[in-house]
Amino acid sequence: MRSPPRRPLSTLVAALAIAAVVPAAAQDRESPRVALFEIGEGPLQKAASAGVRDGLRLAELEPTLDLVVAPGDEAREALAELAFEPLDVVIAVGPRAAMALRDARRANPIVFTGVRHPEALELPGRSTVCGTAGGVDIDEVLRTVRRAAPRARTFEILYRADDTEGAWFAERLATAAEDSPLTVTTIECSPYDRTGLVAIDGVSVGGAQQEADVVLMTGGFSPRQVETMAECMAADGHALIGSRRDHLLAGCGVVIRTDARRLGTHAIALARRVLDGEAPSEIGVHRPRRRLVEVNLDAARRLGWEIPLPVVAGADHVIPALGGRR
C-alpha cells in the first residue's frame, strides 16, 4: 500500500488499515478506499462521527480509511487534496461537509450523516449523494408539544438566524400547527456578543418569551443559550422544550430528538450498499423511525411546569427532581 500524501499540519489526516487480516470471503477482492470528511465539530456531528466509527467496527468491511478533519477556513484545501485520492466512497459528517462535497462535483459516491433536515440544504441534490436525516418528524414534534403542555394556547418556536435547518424546521412546524388550538409564532434569534447569549429583535431573551405557554428551541442553540432562556422563564409555569441532548441538561424540561450516533452507524450500512454496487440515487435519504423523548423533572420544577405523568412514564430517559438543588 502506497504511503498517504502529506497534509497541512492544521488538517488532521490519518490513513490506516482497519484490520490487518481480511476475512476469507474478502481475500479475493481489493480493500475499498473510504474517506471520512468533517468540517469543524458540533455535538450532533461528534455523535454522528462516533457512530460512523462504531459502524466501521461492526460492518464486515476491511477498508483503507482516510480521515480528514478540516477547520472551516481550510475545507477547500482539504477537498482539493481529496480529489487526488482513488476513493470508492466518501462519508460526509455534518451539513457543511455534505454541502462542500456536493458542490465540489466529485465523481465519488457520497454518504452524508450528522444532518438534521437535508431538504433545507437541498441535499442530496446530486445522483451521487445519499445519506441519513437526523431531524424528528414535524408531526411527531407537534404531538409531543401538545402532550407535554395540554393546556397551552401560545407556542413560540425559536431558531438562530445562522441556522438554515432550524429556520426551515420552524416554518414547517408552524404550518403544521395551524389546525391545532395553538397560536404559533416563529422568532429569529441572532448572536449579539462574545458571551454567546441571544438577542431577539435586539432585545435580550429575558423580555421576549415571558407570555408564551410553550417555547421550543431548535437544534442550532448552544447549551449556554438554552440556560439563559431557562433562567428568563424560571417559575413562570411555562414549558421549555429542546431539540438536543445537551438542551436537557441546560434547562429544558423536555427534549425530543433522534440518536445521532445510531444514524452515524447507519451511514456505514448505506456506504456498504454503495460499495456493493447500488447507486446512491436509488438509496436516497433514510430517516429514523424512532425518536427519543427525554424529561428533566428538576428543570421543569425550576420552570414551574408540571409535566403530565403519561409523558414522564413514557420517556426514554428521566432526570429526577432534586429538591432545592440545581
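User: Is R272 buried, partly exposed or exposed, and what is its relative accessible area?
Analyst: This is a predicted model, in which local features need pLDDT of at least 70, side-chain atom pairs count only at pLDDT 80 or more, and totals for chains, interfaces and linings use all residues. Residues are numbered from 1 along each chain as its sequence is written, and side-chain values use heavy atoms, with hydrogens and water left out. Buried means under 20% relative accessible area and exposed over 50%, with partly exposed in between (1.4 Å probe, protein chains only). R272 is therefore partly exposed, its relative accessible area being 25%.

User: Which residue forms a salt bridge with R272?
Analyst: A salt bridge is a side-chain nitrogen of Lys or Arg within 4 Å of a carboxyl oxygen of Asp or Glu. The closest N and O atoms of the pair that includes R272 are 3.9 Å apart, and the partner is D276.

User: What is the relative accessible area of R172, which forms a salt bridge with E171?
Analyst: The closest N and O atoms of E171 and R172 are 3.7 Å apart. E171 counts as partly exposed at 49% relative accessibility, and R172 is also partly exposed, with a relative accessible area of 33%.
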